Amino acid sequence: MSAETEALSEQIKQSVALLRRHLDWDAAKTRLAELNHLAEDPELWNNPDAAQKMMRERTMLANQIEGVEALETEVQDTLDLVELAEMENDEAVIQDGLTTLRALAAQAQQRETESLLSGEADGNDCYLEVNSGAGGTEAQDWAEMLLRMYTRWAEQHGYKVTLMESSAGEQAGLKSATILVSGPNAYGWLKTEAGVHRLVRISPFDAAARRQTSFASIYISPVVDDSIEIEILDSDLRVDTFRASGAGGQHVNKTDSAIRITHIPTGIVVACQTDRSQHRNRATAMEMLRARLYETELQKREAEASAAEAAKTDIGWGHQIRSYVLAPYQLVKDLRTNIEKGNPDAVLDGDLDEFMAASLAQRVSATRSEASATAQ
C-alpha cells in the first residue's frame, strides 16, 4: 500500500474515532433505538410540540450514525479495491481509489467539524443582532453589509431568515438590526461569529476618496423553548412603544405597534416591529429577551471567555475578531485563528464556512488531540 494511501487511511480513521467519541457511540445507538420505538407510538402526536422535538432529535441522531457507518464501509471497500489494484499493477484503478480516498477524507473532516456542534443549544435557531460602531455613516453602511453577508450565508445553507427589527442610519445603512435564523444547528454555526468586525476601504461617502476604518458588532443568541426556565420579573423591565420604520402597510406606519424592551439589571435591549399587533410584537420581543438572557447564562456556564468578551467589548479599535481589508490590498483575516482569504467579495457574499469551522475546532483542540492520540 502506497504512503499516500496509508496516510489518507490513517487520517480518516482518526476522524472516525473522534466522531464516535463525540457521539458517545454506544449511548447514541441506544438512544436512537429508544426514539425509533417512541416514533411508533400512535399517541405521539397528541402533543405536537413534543413530537416534533423528538423527531428532530431522531433524524439528527440517525443521520450522524448512518453517516459514520457509511463512511467506514466506503473507506474499507476503497482500501480493498486499491490493495487489489496494486497487486495487479492497475495504475488507473489505483488513482481512482486515491481520488475517492481524498474525497472521503474531506467528507470525514466536514463531519468531524459538524460533530463539534454538541453544545447545549447548538441545535437551536438563533437571533443575530448587528450594531454599527465607530465610524458614523461609514459604520452604518458596514453594518448593513454584514447583515447581507450573514443573510446570504444562511440562505446558501438552506436556513430561513426573518427580519425582526431594524433601525435605519441617518444617511445610509443601519444603526442596528436583528434577524431570526431558523434551521438545524443555526446557533452552533453562528455563535463563533459574535464579536467586533473591522472594515478598511476607500469610503464611497468621502468626496476625497480617502481610506476609512469602520466597526460593527455581531451578537448571537439561541432561541429557547418553554422547557428552559428563564425568570424575568416585570419590575425589571422597561417597555417602550414606537412607530415601525420602513414599508409595512399604513397601519404599521401610523400606530405605535413596535415594541422595545429594556432588561434593567443587565442593560439588554430588544425590539420587534414585525407585526401590526403590538401584543404579538411584545410576545416576540419577550422571546428575544429570554434568548439573550439564556445566551448570557450559557457563556458563564461554558466559560467561553473569549467569545463572551468579544461580544461585550467596545465597538472599536483593539476588540475585533476579524478584519476585512478592501484597500489598498484585498484580504479577510480572522484574528483568532489566523485564517485568511484573499477574496473579500466572496466572503461578503456569504463564504464563511472555513472561518466558522476553524473557530469551532479551536474551541475543542484539546479534545481532538486526546482523541487522535487514543486512535493511534
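The legends below describe close-up views of a predicted model.

View 1. Eight strands make up an open sheet with mixed pairing, arranged in the order β2-β3-β1-β5-β4-β9-β10-β11. The sheet ends at β2 (160-168) and at β11 (340-341), the edge strands, each of which pairs on one side only.

**View 2. The pairing of β9 with β10.** Strand β9, which covers residues 320-325, and strand β10, which covers residues 331-334, run antiparallel to each other and are paired over four bridges. Within this part of the sheet, Val-325 is found opposite Leu-331 of β10.

**View 3. Helix α5 against the sheet.** Helix α5, formed by residues 136-156, lies across β1 (126-132), β2, β3 (174-182), β4 (195-202), β5 (211-222) and β9, and the helix runs at about 45° to β5.

**View 4. The surroundings of Asp-334.** Asp-334 belongs to strand β10, and its relative accessible area of 0% places this residue among those that count as buried. The side chain of Asp-334 is joined to that of Arg-322 by a polar contact of 3.1 Å. When residues up to four places away in sequence are left aside, Asp-334 touches Ile-321, Arg-322, Ile-339, Phe-355 and Ser-359.

**View 5. The aromatic pair between helix α5 and strand β9.** The model contains two aromatic pairs, one of which is formed by Trp-142 and Tyr-324 in an edge-to-face arrangement, with 4.9 Å from centre to centre and 65° between the planes. This pair links distant parts of the chain, since Trp-142 lies in helix α5 and Tyr-324 in strand β9, 182 residues apart. Trp-142 is buried, because its relative accessible area is 0%, and Tyr-324 likewise counts as buried at 0% relative accessibility.

**View 6. The tilted pair of Trp-153 and Tyr-159.** The ring centres of Trp-153 and Tyr-159 are 5.5 Å apart and the ring planes stand at 35°, so this pair is classed as tilted. Trp-153 has a relative accessible area of 1% and is therefore buried; Tyr-159, with a relative accessible area of 10%, is also buried, because that value is under 20%.

**View 7. Two buried cysteines.** Cys-126 counts as buried, with a relative accessibility of 0%, and Cys-272 is also buried, at 0% relative accessibility. The count of disulfides in the model is zero.

Definitions and conventions: Residues numbered from 1 in each chain as written. Predicted model: local features only at pLDDT ≥ 70, side-chain atom pairs only at ≥ 80, totals over all residues. Heavy atoms only, no water. Pairing = 2+ DSSP bridges. Helix = DSSP H or I, 4+ residues; strand = E, 2+ residues; numbered from the N terminus. Contact = heavy atoms within 4.5 Å. Axes fitted to C-alpha atoms, helices over the stretch in contact; angles between N-to-C directions. Buried < 20%, exposed > 50% of the residue type's maximum accessible area, 1.4 Å probe, protein only. Polar contact = N/O pair within 3.5 Å; in protein donor to acceptor, adjacent residues only side chain to side chain. Disulfide = S-S within 2.5 Å. Phe/Tyr/Trp six-rings, centres within 6.5 Å; stacked < 30°, edge-to-face > 60°.
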